[in-house]
Amino acid sequence: MEALSFQSLLQLPSTLRTPSYVEQPKNTVAKNLDERLHSPTAKRLPRRLLLQFMGFCPILSHPVFAAPMPEMKEPQVIRTLKLPSGVRIQEIVEGQGSAANEGDLVEINYVCRRTNGYFVHSTVDQFSGESTPVILPLDEKQIIAGLKEVLVGMRIGGKRRALIPPYVGYINENLKPIPEEFGPRRSLLSHVNEPLIFEVQLLKVL
C-alpha cells in the first residue's frame, strides 16, 4: 500500500483528523458540570473524602485538637538515696514530727507503677481524688521488704518515691500492700517479677 503524502493527509476529511480543542463558553461548562453532579447515575463521594479533596482537614482546624498539651511537672526532689538492698529513694517532702521506726504501725497512701509509668494500683482514686489509706506494720514478714525500707525514717506528712527491685518486692502473694479486689490484685501480681515504683505518703504513726 502506497504511503500517503503529507499534502494528502491535509486533504482528508476533517473527521479523520485529530479534533482540535474548541473552547466552550463558561456557562456551558458550568451547566454540563452541574448536570453530571446531579445525575441520578453519578456516584456520590463520601463527605469526608470530598472535604479532603477540597483541602479541608477537620482535625487540624479543630481548636481543641490543635491546642498544645499541658506539661506534667515533676516534683522537686530534696535528696536521692541508694540503699544496700538496691532500693532507690527520692525524698520529695520531708514531713514533720517523729520518724517511723521498724515495728511501728503506720497509715499510708501509695501509688504503684511500672518503670514505664503504667499504673498498677493506688489507694487514691485517679478520677475523684478520694483515698482509702492502708495500715501496715513495718515488719518485712508482713509487707514487702523494699517498702519497709522506704517507710522507716519517714516523718508524718512526708512523701517519697522509690524504685523497688523484685527480690525485695512481692516474693510471695501474702505480703502487703495488696488490693483485695480480684482485678487489681491480679494486675499487681502479674508484675511481681519486675521492678516497681512506689510513691508513698506517710499519714500517721499509730
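In which strand does Leu105 lie? Leu105 lies in strand E4, which covers residues 105–114. Strands (E, at least two residues) and helices (H or I, at least four) are DSSP runs numbered from the N terminus. The structure is a predicted model, in which local features need pLDDT of at least 70, side-chain atom pairs count only at pLDDT 80 or more, and totals for chains, interfaces and linings use all residues. Residues are numbered from 1 along each chain as its sequence is written, and side-chain values use heavy atoms, with hydrogens and water left out.

Leu105 has a relative accessibility of 37% and therefore counts as partly exposed. The classes are buried (under 20% relative accessible area), exposed (over 50%) and partly exposed (in between), with a 1.4 Å probe and protein chains only.

Side chains of opposite charge can pair when their charged atoms come close. The structure holds 7 salt bridges. Each is a side-chain nitrogen of Lys or Arg within 4 Å of a carboxyl oxygen of Asp or Glu. Among them is the pair of Glu91 and Arg160, with the closest N and O atoms 3.1 Å apart. This pair links distant parts of the chain, 69 residues apart: Glu91 is in strand E2 (residues 88–93) and Arg160 is in strand E8 (residues 159–164). Glu91 is buried at a relative accessible area of 6%. Arg160 is buried too, at 8%.

Glu102 and Lys148 also meet in a salt bridge, at 3.3 Å from N to O. Glu102 sits in the loop between strand E3 (96–99) and E4, and Lys148 in helix H6 (residues 145–151), 46 residues apart. Glu102 is exposed, with a relative accessible area of 56%. Lys148, at 8% relative accessibility, counts as buried.

The side chains of Arg114 and Glu194 form a further salt bridge, at 2.9 Å from N to O. Arg114 belongs to strand E4, whereas Glu194 is in the loop between helix H7 (182–189) and strand E9 (196–205); the two are 80 residues apart. Arg114 is partly exposed, with a relative accessible area of 23%. Salt bridges with shared partners join Arg79, Glu91, Glu94 and Arg160 into one network.

Rings of Phe, Tyr and Trp (its six-membered ring) pair if their centres lie within 6.5 Å; planes under 30 degrees apart count as stacked, over 60 as edge-to-face and the rest as tilted. The ring centres of Tyr110 and Phe198 are 5.7 Å apart and the planes stand at 40 degrees, so the pair is tilted. Both Tyr110 and Phe198 are buried.

Phe198 also lines the largest cavity, as do Ile144, Ile164, Pro165, Pro166, Gly169, Tyr170, Val192, Glu194 and Leu196. The structure holds 1 cavity of 30 Å³ or more. About 50 Å³ of space lies in the largest cavity. A cavity is a set of points, on a 1 Å grid over the protein atoms alone, where a 1.4 Å probe fits but cannot get out; lining residues have an atom within 4 Å of a point. Grid points are joined across faces, edges and corners, and a volume is the space filled by probe spheres set on the points.

The loop between E8 and H7 holds Pro177. The peptide bond from Lys176 to Pro177 is cis, with omega near 0 degrees.

Other contacts span the sequence. Ile89 is found in strand E2 and counts as buried at 2% relative accessibility. Ile89 and Glu149 are 60 residues apart in sequence, with 9.5 Å between their C-alpha atoms. Leu138 lies in the loop between E6 and H6 and is buried, at 1% relative accessibility. Leu138 and Asn101 are 37 residues apart in sequence and 7.4 Å apart in space, C-alpha to C-alpha. Glu140 lies in the loop between strand E6 (134–137) and H6. Glu140 is partly exposed, with a relative accessible area of 44%. The C-alpha atoms of Glu140 and Glu102 are separated by 9.1 Å, and the residues by 38 positions along the chain.

Key. 1 Å grid on protein atoms, 1.4 Å probe; cavity = no way out; pocket = protein on both sides within 12 Å on 5 of 7 lines; lining within 4 Å.
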